[in-house]
Amino acid sequence: MSTVEMEILSNPQLIIMTILMFIGGEVFTSMAGLFFSNFISEKNNVIDDGEIELGNRKPENLNPEQLAQNQGEAFNNGDHLLYHSIMFLGFVILGYLLIVNILGSAMVFLYVSFVSSARSTLKSKGLNLFTFSIFTTISSFTNCGFIPTNENMVVFNKNSGLLLVIIALALLGNPLFPMCLRFSIWVMGKCVNKVGDYCDYLLKNTREIGFHHLFTTRRSCCVVGTALVFVVVQALLFFAMEWNSASLKELNPFERTIGVLFQSVNTSQAGETIVNLPAMSTVILVVITIIMYFPPYTSIPFVKDEKKEQQNQEKRKGKTAKELLTQLASICIFVFLICITERKNMKEDPFNFTPFNFLFEVVSAYGNVGYSMGYSCKLRLKDEANCVDKSYGFVGRWSDAGKTVLIVVMMLGRLKRYNMVWKFS
């Protein structure tokens, strides 16, 4: 969802964008918040072995054996274990963040280096291979969806290997993150004895930790299962309604299958595309709009824990429905405001500036997906010679007031509660 064509950006500008995407990504910001909250907690509740009391006696009055026993008790203290477990969790996330992005960049770099069609595409556009690899990897992992080319991933629609790498990055940075995080902690606990206590504490006390991405095993599986359901539903619709569409007709069956999978994954993740969205059927666009609304951590409880469900039934009753209605009402209000700010364009250019296009853009912005319906000069009522089709998003044609409203929508979408749980009785 950009307002300028990506290829006008210089290499230094792309590098700056890469840095901003990296530090603004959900994984990095959550890790930074974890370290910061732990730092504040440490300041408020200093755990200093040199100042611990045993009964009414201070450490200076204790012999070495008593002092060692006292320090051991301090280590086993719940607050102390919580503090160090959270600190350890932060370093696990940092390692995950670096490993995934470094490996992803290396895979993109190697693929483009060895595949002539992808390499020639970059060369024709004057893009630096190293910058492209890092930019694309971080953009996909952090759910930004920016690609240094004007056409997004359309120019790489036949490069199935590259699409598969980006699919993996988009999933690892979003719905698979809680499960991968939990698995990483489990592996560390099994392989490194020194951190075994921290790993056990993290895995058994997810509620006490309070980290928004550390789920129980059951919840992590539900998130992954729900994401899989969304992907399968979209893929089936794509196969049924878009298999012979203009966007896919030049691809062979294998390339079409990978392309459909890529498109289905990106609807609720990074927002990258290999098809012309406005040319797709209305049914597909409606389904995309609905799925974009739900956050990556939307989960359907495929396996119910009867005991916990009974304990929390009254507490949760009506909560999800209330949140859903509140968010839907917010989207309706923003669509209404944009209709007001763009009323002149709606009158002069009614086939481009339609209420559904506004709804699509608002939901895409609120869900932080980034899909856009774009703008077509062919749909204008008045044929103007100075009208040129551009590859940036539909919002690039809006007034400044409309753009400001959409900025607010994107900010609220980023700050909204990150997960939503569907409960079925």
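Predicted model: local features only at pLDDT ≥ 70, side-chain atom pairs only at ≥ 80, totals over all residues.

**The core and its surroundings**

Author: Happy to. Residues are numbered from 1 along each chain as its sequence is written, and side-chain values use heavy atoms, with hydrogens and water left out.

Of the 425 residues in the protein chain, 46% are buried. Here buried means under 20% relative accessible area, exposed means over 50%, and partly exposed lies in between, with a 1.4 Å probe and protein chains only. Among the contacts in the protein chain with a separation of 6 or more, 75% join residues 24 or more positions apart, a contact being heavy atoms within 4.5 Å.

Now to the part you asked for. The largest nonpolar core has 100 residues; such a core is a set of buried Ala, Val, Leu, Ile, Met, Phe, Trp, Tyr and Cys residues joined through side-chain atoms within 4.5 Å. Leu89, Ile93, Met153, Leu181 and Ile185 have the most contacts inside this core. Helix α4 (residues 78-114) gives the core its largest share, twelve residues. At least three core residues come from each of domain 1 (6-31 + 81-293) and domain 2 (311-420), with bounds taken from an automatic or database domain assignment.

Let's zoom in on Leu89. Leaving aside residues up to four places away in sequence, Leu89 touches Leu34, Leu181, Ile185, Leu202, Ile209, Phe211 and Leu214. Leu34 deserves a visit of its own: this residue is found in helix α2 and, at 7% relative accessibility, counts as buried.

Ile15, Ile16, Ile19, Leu20 and Ile23 form a nonpolar surface patch with about 460 Å² of accessible area together. Patches are made of residues with over 30% relative accessible area and no salt bridge, with like charges joined within 9 Å and nonpolar side chains (Val, Leu, Ile, Met, Phe, Trp, Tyr) within 5 Å. Ile23 lies in helix α1 (residues 11-24) and is partly exposed, because its relative accessibility is 39%.

Charged pairs come next. The structure holds four salt bridges, each defined as a side-chain nitrogen of Lys or Arg within 4 Å of a carboxyl oxygen of Asp or Glu. One of them joins the side chains of Glu7 and Lys125 at 2.7 Å, N to O. Glu7 is in the segment before α1 and Lys125 in helix α5 (residues 116-125), so this pair ties together parts that are 118 residues apart in sequence.

Another salt bridge pairs Glu26 with Arg414, with 3.5 Å between the closest N and O atoms. This pair links helix α2 (residues 26-44), which holds Glu26, to helix α18 (residues 400-415), which holds Arg414, across 388 residues. Glu26 counts as buried at 18% relative accessibility, whereas Arg414 is partly exposed at 33%.

Arg380 and Asp349 form a salt bridge too, their closest N and O atoms being 3.8 Å apart. Arg380 sits in the loop between α17 (355-366) and α18, and Asp349, 31 residues away, in the loop between α16 (343-348) and α17. Through shared partners, salt bridges also join Glu7, Lys125 and Glu151 into one network.

Finally, a backbone detail in two loops. Asn143, in the loop between α6 (129-141) and α7 (160-172), has a positive phi of about 70 degrees although it is not a glycine. Asn368, in the loop between α17 and α18, is not a glycine either, and its phi is positive at about 55 degrees. Asn143 counts as buried at 14% relative accessibility, while Asn368 is partly exposed at 22%.

Definitions and conventions: Helix = DSSP H or I, 4+ residues; strand = E, 2+ residues; numbered from the N terminus. Areas by Shrake-Rupley, 256 points an atom, 1.4 Å probe, with all protein chains shown as cover.
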